[in-house]
Amino acid sequence: MDEVFVVTGGGSGIGRAVAESLPKEATVIITGRTLAKLQHTADALNTQGHHAIPLTCDVSNRTEVHSLAQRSAEIGQVTKVIHAAGISGSMADAEKIVRINALGTVYVNQEFYKVMDGGVIVDVASNSGYMLPGAMIPRRAYPLALTNEDAFVKKLVRRASVMHNKDVDPQMAYMISKNFARWYAAGCAFKYMRRRGIRVLSVSPGYVETPMTEKEKGKATDILLSYSGPGRGAKPEELAFLIVSLADERCGYLMGTDVLCDAGCVNAGYGIAVATNEKKHPSADGLW
C-alpha cells in the first residue's frame with residue numbers, strides 16, 4: 001500500500017510548512033475546515049512534486065475525524081499524523097477553543113489509533129501550556145475528556161474564567177487547552193506503542209510568524225519576543241523541520257514527551273504574570 005501522511009491544519013501556517021517538508025514519495029493528506037484554502041495549498045504542493053490530497057475536517061467533530069481517518073486508511077497505510085489544527089485565544093470564545101484544541105486532540109489521536117499499524121502521531125501544543133501556575137491548571141478535570149466530554153468542557157471553561165474578565169477568558173482557555181494537549185499526548189504514548197507500535201509525542205512552539213499571528217501583533221507580542229533569545233518569532237519552516245525530524249523513524253526511541261521550541265521564552269521567565277504586565281521585561285543579562 002502507498003504510505004500516507006496526514007497533516008491537520010495543513011492549509012496554512014505550521015501545518016502547510018510541515019506538508020511542504022514531508023518526503024515527496026508518500027501521499028500527503030492536508031485537512032482543515034475551508035476547502036478553497038486546502039485546494040490552493042494542495043495545488044501548490046503538487047506543483048512542487050508532492051502528491052497532496054485536500055480533505056475537509058472539523059477536528060472538534062468526532063464524526064468528521066472518524067471519517068477522515070477511515071478515508072486516509074483507504075488511500076494507503078497511514079504512518080505519520082501531524083496534528084497542527086487549532087485556534088488562538090483571539091479567534092473564538094472559551095468553549096470553542098476548548099472543543100477544538102483539547103477535544104480535537106483526543107479525537108485525532110483516538111480515531112487514527114484505530115487505523116494505524118505503527119508510525120507516529122505528533123500533537124502540536126504551545127508554550128502557552130507552560131505559562132500557568134499549577135494552581136490555575138484544572139488537571140483533575142482532564143480525565144473527564146475520556147468519560148464525560150460535556151463535563152470536561154464545562155470545568156475547563158469555568159477555570160478559564162477565574163480572572164473574571166471576558167476579554168481574558170479565551171486566552172486562559174487557550175493556555176489550558178494546550179496544557180491539556182501536552183498532557184494527553186504523553187498519556188497516549190505507552191498504550192499506543194505497546195498495543196499498536198505507534199509513537200506519540202508533542203511539540204510546544206512559541207510565537208510563530210504566520211498569517212494568523214500577524215493579525216495579533218501588539219504590545220503583548222513585543223513583550224513575549226523580548227524573552228526569546230533571538231528576539232524574534234519562529235519561521236514556520238523552522239518548526240516544520242523540527243516536527244518532520246521528530247516524526248522520522250530514526251527517532252524511534254522518542255515518545256511520551258514534549259519538545260518545547262520557544263527560543264527560551266518560558267525558561268527565561270515568561271509566564272502569565274509577565275503576559276499581563278506591560279511593564280515587565282527581562283533583564284539584559286537574563287537569569288545568570
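Is alanine 263 buried, partly exposed or exposed? Alanine 263 turns out to be partly exposed, with a relative accessible area of 41%; here buried means under 20% relative accessible area, exposed means over 50%, and partly exposed is in between (1.4 Å probe, protein chains only). The model is a predicted one, so local features need pLDDT of at least 70 and side-chain atom pairs count only at pLDDT 80 or more, while totals for chains, interfaces and linings use all residues. Residues are numbered from 1 along each chain as its sequence is written, and side-chain values use heavy atoms, with hydrogens and water left out.

Back to alanine 263: this residue sits in the loop between β7 (258–261) and α10 (272–275). Helices (H or I, at least four residues) and strands (E, at least two) are DSSP runs, numbered from the N terminus. Alanine 263 has a positive phi of about 55°, although it is not a glycine. Most residues other than glycine have a negative phi. Histidine 164 is also a residue other than glycine with a positive phi, near 55°. Its place is in the loop between α5 and α6, and histidine 164 is exposed, with a relative accessible area of 75%.

Phe152, Val153, Leu156 and Ala160 are the buried residues of α5. Seen down the helix axis, they fall within an arc of 95°, so they line one face of α5; the arc is that of the directions from the axis to the C-beta atoms. An α-helix has 3.6 residues a turn, so residues three or four places apart point the same way. Lys154 and Arg158 are exposed, on the face of α5 turned away from its buried side. The buried residues pack against α4 (94–113) and α6 (169–196).

Phe152 also shows up in the core. A nonpolar core is a set of buried Ala, Val, Leu, Ile, Met, Phe, Trp, Tyr and Cys residues joined through side-chain atoms within 4.5 Å. The largest has 61 residues, of which Phe112 and Phe152 touch the most other members, and α4 gives the most to this core, with eleven residues. Leaving out residues up to four places away in sequence, phenylalanine 152 touches Val98, Ala102, Leu103, Ala141, Tyr142, Leu144, Ala145 and Phe180, contact meaning heavy atoms within 4.5 Å. Apart from this core lies another, of 29 residues, among them Ala26, Val203, Leu242 and Leu246.

Threonine 27 is buried, at 4% relative accessible area. Its side chain makes a polar contact of 2.9 Å with that of histidine 51 (a pair of N or O atoms within 3.5 Å; within protein, one must be able to donate a hydrogen and the other to accept it, and residues adjacent in sequence count only if both atoms are side-chain atoms). Beyond neighbours within four places in sequence, threonine 27 is in contact with Glu3, Val4, Phe5, His51, Ile53 and Ile75.

As for disulfides (cysteine sulfur pairs within 2.5 Å), the count is zero. The sulfur of cysteine 251 is 14 Å from the closest cysteine sulfur, in cysteine 261, too far for a bond.
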